[in-house]
Amino acid sequence: MRKSIHQISLVILAVVAMCGYSLRMKAQQLKAENIDEVVKAMTLEEKCHMVLGRGMHFNDEAKFPGTAGSTFSIARLGVPETYCADSQQGLRMNATRAWDHNDYYPTDFVASMTLASTWDREAAFKVGQGIGNEVREFGLDWILSPAMNLIRNPLCGRNHEYYSEDPYLSGTIAAGYVNGVQSEGTAACPKHFVANNQETNRNNNVSQVSQRALREIYLKAFEIMVKESNPWTIMTSYNKLNGPYAVQNHDLLTTIVRNEWGWKGMYVSDWNAGDDAVAAMLAGNDMLQPGQDKQYQAILEAAQSGKLPMEVIDANVKRILEYVVKTHNFKGYKYNNEPDLKAHAKVVREVGADGIVLLKNSGVLPLVGKRVALFGCTSYDWISGGSGFGGTSVGHYTVSLIEGMRSVGYEIYKPLIAAYTQHIAAEEKRLFPNGRPAFSLMPPARADEKQFTADELNAAIEGSDVAIISLGRKSGEAADRSESDFYLKDGEAQLIKAVSDAYHAKGKQVVVLLDICSPIDVASWQNQVDALVCTWQGGQESGFSVADVLSGKVNPSGKLPMTFQIKYGDAYADKNFPANVDDKTLGAMFMWGYDKDNTPKERQLQANIDFTNYEEDIYVGYRYFDSFSKPVAYPFGFGLSYTTFAYENLSVSETDGVFTVKVDVKNTGNKAGRNVVELFVAAPNSKQLNKPEKELRNYAKTSLLKPGQTETVIMLVKTEDLASFNEKASAWKTDAGVYTFMICSSANQIEVQTSAKVKAWTKKVNNVMKPKLKLNLLKR
Ligand code: BGC
């Protein structure tokens with residue numbers, strides 16, 4: 001009896017234990033509603049793994065070869081691995097896989113600069129949506145874009161990945177993109193947060209920036225994006241900022257972004273950023289990618305010793321799981337590897353054309369003659385995007401300029417095709433005697449320009465109605481451009497002169513296409529040519545997009561998202577940028593972290609390499625040129641059309657601190673077209689108060705207006721949007737007074753204006769992120 005009672009109680013115990021176990025097991029399987037319980041159920045070791053990424057997946061046996069990383073999985077708790085990939089202008093993943101006959105080509109969308117030049121939030125949404133959709137249909141979860149650092153200097157190697165010199169344009173285009181990505185249930189990852197405006201020594205350079213410039217310019221772009229699109233994740237940058245690494249800066253990541261802005265998403269570091277994993281955790285940087293063993297050890301030991309409080313690591317893990325439960329892999333999405341590439345190609349062609357900026361036009365465009373002679377190596381070796389980690393293996397093809405032009409009915413002068421094919425092949429042998437390297441982060445050297453004899457030119461003139469010369473510039477991650485890259489090379493200048501002189505002598509015209517990654521000098525040579533078209537880099541359909549604009553099938557409506565300065569050195573920021581660093585591999589040398597042991601102790605810290613003083617303060621881009629009346633080649637916001645527009649009936653009215661700005665835009669020319677309406681606002685006494693002359697506060701893009709058609713455009717501006725940052729009070733302040741509301745066609749061209757009384761507004765914020773030294777700041 002004792003025995004059987006004993007046996008019965010054992011059975012009961014076992015049943016109770018099993019029920020308890022399975023109940024617990026069930027409760028522990030990750031769901032959106034039980035994240036706290038899952039965090040509690042995790043071992044310390046699991047938590048330390050969870051905060052570290054798993055990358056990079058470059059080998060062939062990876063689930064998604066060629067992608068940047070993934071997150072840690074814990075099968076017993078139902079936490080799946082989730083996958084991320086880079087995107088500069090499309091999902092970066094190997095297009096082919098070992099042991100698999102399929103291909104996995106994603107779409108090569110447009111460069112970010114091209115997207116920003118559309119000044120069209122809808123275009124940004126469509127591109128984001130296309131990329132978000134491809135991420136989902138190729139089985140991944142999370143895209144490492146948009147890159148949205150401010151364009152502070154025309155030589156930054158990654159400018160083409162960024163949007164604008166203006167925080168409002170950058171922030172709103174980024175928000176459109178993030179909203180598009182996340183509409184597909186894919187996580188976006190705006191980067192690189194923040195003040196990562198140069199590639200030279202990017203892993204250790206200290207950006208030294210005033211609190212005001214940080215708040216009004218560099219943080220502002222991200223603040224607008226966060227508020228308008230709530231990204232699920234943000235990537236912290238490599239650089240240091242006013243002292244600590246951005247990735248290890250609690251004031252930046254937690255005090256400002258989480259506490260002031262109310263953002264609740266997950267931070268991920270840039271790949272191998274920072275030097276202290278525990279400091280990153282304490283700062284609120286939830287995940288370190290791609291994850292290192294020594295980071296695991298450091299976090300584990302700090303957690304065991306209490307240096308890293310359990311609440312901190314729990315909070316980091318919680319935010320990671322909050323991201324995980326939203327992902328496609330968590331939801332078990334059955335992807336098909338067949339996104340609608342045709343539909344996406346259509347988006348690329350349209351957005352690519354809408355991002356083209358017509359800078360100059362004597363009337364030669366749209367092209368009337370059908371016979372075209374293409375000059376310049378770039379005409380035959382078109383650049384669809386930049387280089388760098390995000391720039392490889394994307395896109396199945398690039399539509400060439402020849403293909404594009406032929407598709408809309410142009411005849412291409414053939415002898416030049418043959419001559420350039422030969423020339424480029426010979427240059428390739430000269431530049432790469434041992435063949436091109438299989439992979440190079442840096443953009444490969446490009447062919448020198450071919451020059452022509454008078455006979456060859458005369459024959460070309462005979463055989464064509466117009467000459468098109470293409471100039472190319474390519475740059476990318478890990479190195480900045482040099483000052484010399486801003487200017488034409490001798491061969492380019494000679495070619496432009498020879499072709500222009502010869503064509504003009506026979507009464508024919510010359511068009512120059514700028515297939516460029518960033519602004520270049522145009523002022524010194526543009527009066528030799530009849531039209532100047534900034535095509536930027538438009539992804540896989542570029543040849544079609546360019547042809548659509550040249551032929552007039554699409555009326556250009558792009559506007560410059562940054563100033564084209566006359567000379568390098570004209571912008572105040574130029575003196576604090578590594579423009580003339582001899583060894584441009586410096587960026588690469590220090591890419592994976594400053595090697596403290598190999599760096600001579602006595603090495604003097606070098607300006608613009610070890611630290612960069614942002615002495616221009618808030619006077620970045622047009623804020624400088626406009627406020628200090630400096631001439632430019634083409635101002636911010638500039639762009640011509642094949643038609644003309646008039647602005648009428650501008651009105652501004654206010655209700656509860658929100659200004660409604662209305663203006664009628666009329667197409668007064670004879671071609672249908674879209675128009676970008678730029679709203680700048682000038683504060684009263686701007687000079688005395690050391691504020692910019694005027695600032696972009698909103699913009700809109702009309703629909704396609706037929707000749708004679710009018711559209712009423714409405715834009716809103718809040719009193720708080722007009723605030724400047726007052727360092728002494730550590731507060732945002734809108735000064736009371738009469739403000740001028742201007743509708744402009746560029747930063748230098750006010751079309752109509754009116755004024756409105758604005759009431760004072762102020763908001764105190766935390767007094768954080770002070771530079772460690774007194775900067776010699778520019779003032780009006
Ligand atoms: C770049 C990031 C990129 C990461 C992962 C880094 O070198 O700065 O933009 O997302 O690599 O590939």
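How many disulfides does the structure hold? It holds zero, a disulfide being a pair of cysteine sulfur atoms within 2.5 Å.

1. Ground rules. This is a predicted model, in which local features need pLDDT of at least 70 and side-chain atom pairs count only at pLDDT 80 or more, while totals for chains, interfaces and linings use all residues. Residues are numbered from 1 along each chain as its sequence is written, and side-chain values use heavy atoms, with hydrogens and water left out.

2. Cysteines. A disulfide is a covalent bond between the sulfur atoms of two cysteines. With zero disulfides in the structure, cysteine 156 is in none, and its nearest cysteine sulfur, that of cysteine 517, is 9.9 Å away. Cysteine 534 is in no disulfide either; the nearest cysteine sulfur to it also belongs to cysteine 517, at 10 Å. Cysteine 156 has 1% relative accessibility, so it counts as buried (buried means under 20% relative accessible area, exposed over 50%, partly exposed in between, with a 1.4 Å probe and protein chains only). Cysteine 534 counts as buried too, at 0%.

3. The ligand's surroundings. Do have a look at the ligand: 15 residues surround it, and the closest are Asp86, Arg158, His192, Asp270 and Glu477 (a residue is near a molecule if one of its heavy atoms lies within 4 Å of it). By class, this shell has seven nonpolar, one polar and seven charged residues. Here Ala, Val, Leu, Ile, Met, Phe, Trp, Tyr, Cys and Pro count as nonpolar, Asp, Glu, Lys and Arg as charged, and the others, Gly among them, as polar.

4. An N or O atom in the side chain of aspartate 86 is 2.3 Å from an oxygen atom of the ligand. For histidine 192, a polar side-chain atom lies 2.7 Å from a ligand oxygen, and for tyrosine 238 the distance is 3.1 Å. On its own the ligand has 310 Å² of accessible area, and the protein covers 99% of that (areas come from the Shrake-Rupley method with a 1.4 Å probe).

5. Aromatic rings. The count comes to 28 aromatic pairs; rings of Phe, Tyr and Trp (its six-membered ring) pair if their centres lie within 6.5 Å, and planes under 30 degrees apart count as stacked, over 60 as edge-to-face and the rest as tilted. Strands are DSSP runs of E with at least two residues, helices are runs of H or I with at least four, and both are numbered from the N terminus. Phenylalanine 659 counts as buried, at 0% relative accessibility, and so does phenylalanine 741, at 0%.

6. Another pair and a cluster. The centres of the rings of phenylalanine 725 and tryptophan 732 are 5.4 Å apart and their planes are at 70 degrees, so this pair is edge-to-face. Both residues are buried. Elsewhere, Trp119, Tyr168, Tyr622, Phe636, Phe680 and Tyr699 form one aromatic cluster.

7. Two buried residues. Asparagine 196 sits in the loop between helix H6 (167–182) and strand S6 (206–208), and is buried at 2% relative accessible area. Serine 746 is in strand S24 and is buried, also at 2%.

Terms used
Polar contact = N/O pair within 3.5 Å; in protein donor to acceptor, adjacent residues only side chain to side chain.
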